[in-house]
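I opened my notebook to look up how the pieces of this chain pack together. Here is what I looked at, entry by entry.

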Amino acid sequence: MATQRLASNNTNNEVAIDIPGPEELINAAANELGGGRQLVQPLFWVGSWTLVAVFNRIICKVPPGAIFEGHMIAYYLTLFGVFLAGVAEVYSAILLSSAQDGGGRVRAIAAPLLCASVVLLAALVALGGSPVPVMG
């Protein structure tokens, strides 16, 4: 640990305060939290679920409700945007799984990306759910 000394001018009173440097804080946090590797697998699966839900919506269901009523192009463009975001999630999870975790950088990228992925999947489900085809 880095030690910084605060000196007082009156009668040589010295106070020593141990303040860790930024590298030491980052390494301690990464060791305590297990690094960012534990977030990569959920990111991959949430991205995969998003892709499956998009394909399910495209194949099995017409545009729901009043939002996209009569606006088929807007509906399919929205699904295309969600599809591209899902591909980006899966691709970033693959890249993060092979990245070197230099001081918690993987966690710094994966945590907000995972939150955004869950929000994206929830928005897709909020558009009308995902249908399940029933035979018979």
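Entry one, a helix pair. I looked up helix 3 (residues 72-98) and helix 4 (residues 105-126), whose axes come within 11 Å and cross at roughly 155°. Axes here are lines fitted to C-alpha atoms, for helices over the stretch in contact, and angles run from 0 to 180 degrees between N-to-C directions. Helix 3 and helix 4 are therefore roughly antiparallel to each other, a label for angles over 145 degrees. I also noted that helix 3 passes helix 4 in a left-handed crossing, where the near helix is turned anticlockwise from the far one by less than a right angle.

A note on my source: this is a predicted model, in which local features need pLDDT of at least 70 and side-chain atom pairs count only at pLDDT 80 or more, while totals for chains, interfaces and linings use all residues. Residues are numbered from 1 along each chain as its sequence is written, and side-chain values use heavy atoms, leaving out hydrogens and water.

Entry two, who meets whom.

Is Ser 117 buried or exposed? I found Ser 117 buried, with a relative accessible area of 0% (buried means under 20%, exposed over 50%, partly exposed in between, with a 1.4 Å probe and protein chains only). Setting aside residues up to four places away in sequence, Ser 117 touches Leu 43, Val 46 and Glu 89.

Entry four, one phenylalanine. Phe 80 sits in helix 3 and counts as partly exposed, at 46% relative accessibility.

I counted 4 helices and 2 strands, running β-β-α-α-α-α from the N terminus on. These are DSSP runs numbered from the N terminus, helices being H or I of at least four residues and strands E of at least two. Of the 136 residues, 27% count as buried.

Key. Parallel < 35°, antiparallel > 145°, perpendicular 65-115°, else oblique. Contact = heavy atoms within 4.5 Å.
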